[in-house]
Amino acid sequence: MSEANLDSTHNRLTRTAFVTIGATAGFRSLLQEVVTPKFLTTLKSLDFTDLVVQCGPDLEYFETIRPDHSQKSYGVKITSFSYAPDLKKYFAQASRGNDEDGGRDCGVIISHAGSGSIIGALEFDSKLVTVPNPELMDNHQLEIAEDMESKGFLVHGTLGSVAEAVEKIDTLTLRKWPPGPSPGSSYQKGGLWEAINELMPQSS
Amino acid sequence: MDTNRDRVVQATIGSALLDLLKNGIFLFIIMGCGLLILSILIDVLSKPHVTGNTLGATIIIIFVGGYLILKTDGGMVREISTHYVLMICGSGGHTAEMIQMVERSICSEKSSHRRWAVGKDDEKSYDKVLAFENRLLDRFSCHDLDSGTFDIMRFRRARYVHQSWLTTPFTTILSLLDIIRILATPPHQRSIPALQYPGVVVTNGPGTGFLFLLVARVLRLSHLVPTSHMRTIYVESWARVRSLSLTGKLIRSLKLADLFIVQAPALAGHNNVLAENLLAMPEQPRFPFNA
């Protein structure tokens, strides 16, 4: 099972939890946690149908720890893959559906606290639980997770209580991303390109 | 040597081949100089005050190398509308942030060129840049806009993870040569003299971005490139909320960036500009992503 099958179960309401750990570093402790009976029963109790896991370099490891049949996975369908250049379809699968794909309930995205993953997930109308990787101590994942939680954009999850974070986010209404322009901040109208154009040698 | 074929090739691509040969010879000379300086470097590495000497030697290498490559075509710039920006992609999250910031804010410019500098071993960044450029072409052509030209050039890293410090001077020299090449090679897609050098160089770290800004500064200070060009922008990562990264600290303390942008209020100071959430600005892209 290398690629998640997205076209299954059209005849019922699906609800997906998408776990992404990024492409660069492994994050085995998070992979372990999302297949624990505690986490899977929490998903089941919140009516989740699918668990999609992006494992990065740890795909083989994940295949050895995941439950091998549905009894052990408490009825949650688990699919896994290593990496995809574009994770948009997975983010979309775990976010709120529109009228065209009505057979979907707003899921949850559980991601490591890499800035690329956070931004990628927030672009979708979804619920994001961010779990900093404690093994990357100089990576400042904790900083950004705490900061973004304090601003109300996501929920900061910690290893050992990711299930609780998912329960918590299920009842929360999060702030919409992107935030509006910040007062006192530069380049809010034109972004980075405005800064580039400011320095670009002027032609005559 | 098949001279007939050479003539045909030369007729087709003109002076481009000659330039390449010229650069090739110069690169060879620089390699020689580099190796000479390297022996000095290794010598000083065993003594105290290494960092000062190493930095000095590095600057000499940049100066000599840059001079040899650039002396033939000076810094003549004709005043015509151009827009040539060089973006340096560090790795992983840094590349993702860079693309995110550019994709949100980019506008169509007259006669524009984008150059992306990507690590030689960094296939993921390469793919991301290519995917972005494809999206941009689709998006701009939907609106009948000129998306300009782009190229991607690769650099060797100064030091790889777990690399021995003994071999680091070697790889640093190779890396510096790549950096000079990327800064000084005119875009092949454009033959406009004013596009000889990037007008603006943007990086958001890590490591190699610092070297790029250092080389750009040395080239400008030595007037090898016009001082109006190679203006530098450093954007501290959006993930840096409470403290600057090491690259950011280095660049700020050496004042290597003409514009130093931080994205968190806690980091704002008199030498840098606060621009929050540059990743998501402007809120509404000037041209919609999906037309």
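Predicted model: local features only at pLDDT ≥ 70, side-chain atom pairs only at ≥ 80, totals over all residues.
Pro178(A) sits in the loop that runs between α7 (162-171) and α8 (191-199) of chain A. Tyr187(A) has 24 C-beta neighbours inside 10 Å, and because 20 or more are enough, it counts as buried.

Another non-glycine residue with a positive phi turns up in chain A: Asp47(A), at about 65°. Asp47(A) belongs to the loop between α2 (37-45) and β2 (50-54).

Over in chain B, a cis peptide bond links Met281(B) to Pro282(B), with omega at about -5°. Pro282(B) lies in the segment after β7 (273-274) of chain B.

Chain B also shows a helix pairing. Helix α4 (residues 92-105) and helix α5 (residues 123-142) of chain B have axes that come within 10 Å and cross at roughly 10°. Angles under 35 degrees count as roughly parallel, so α4(B) and α5(B) fall into that class. On the α4(B) side, the contact is made by Thr95(B), Ala96(B), Ile99(B) and Glu103(B). From α5(B) come Ser125(B), Lys128(B), Val129(B) and Phe132(B). Sorted by class, the residues in this contact of α4(B) with α5(B) are four nonpolar, two polar and two charged.

Conventions
Residues numbered from 1 in each chain as written. Chains lettered and ligands numbered in written order. Axes fitted to C-alpha atoms, helices over the stretch in contact; angles between N-to-C directions. Helix = DSSP H or I, 4+ residues; strand = E, 2+ residues; numbered from the N terminus. Parallel < 35°, antiparallel > 145°, perpendicular 65-115°, else oblique. Contact = placed C-beta atoms within 7 Å. Nonpolar A, V, L, I, M, F, W, Y, C, P; charged D, E, K, R; others polar. Buried ≥ 20, exposed ≤ 12 C-beta atoms within 10 Å, placed from the backbone.
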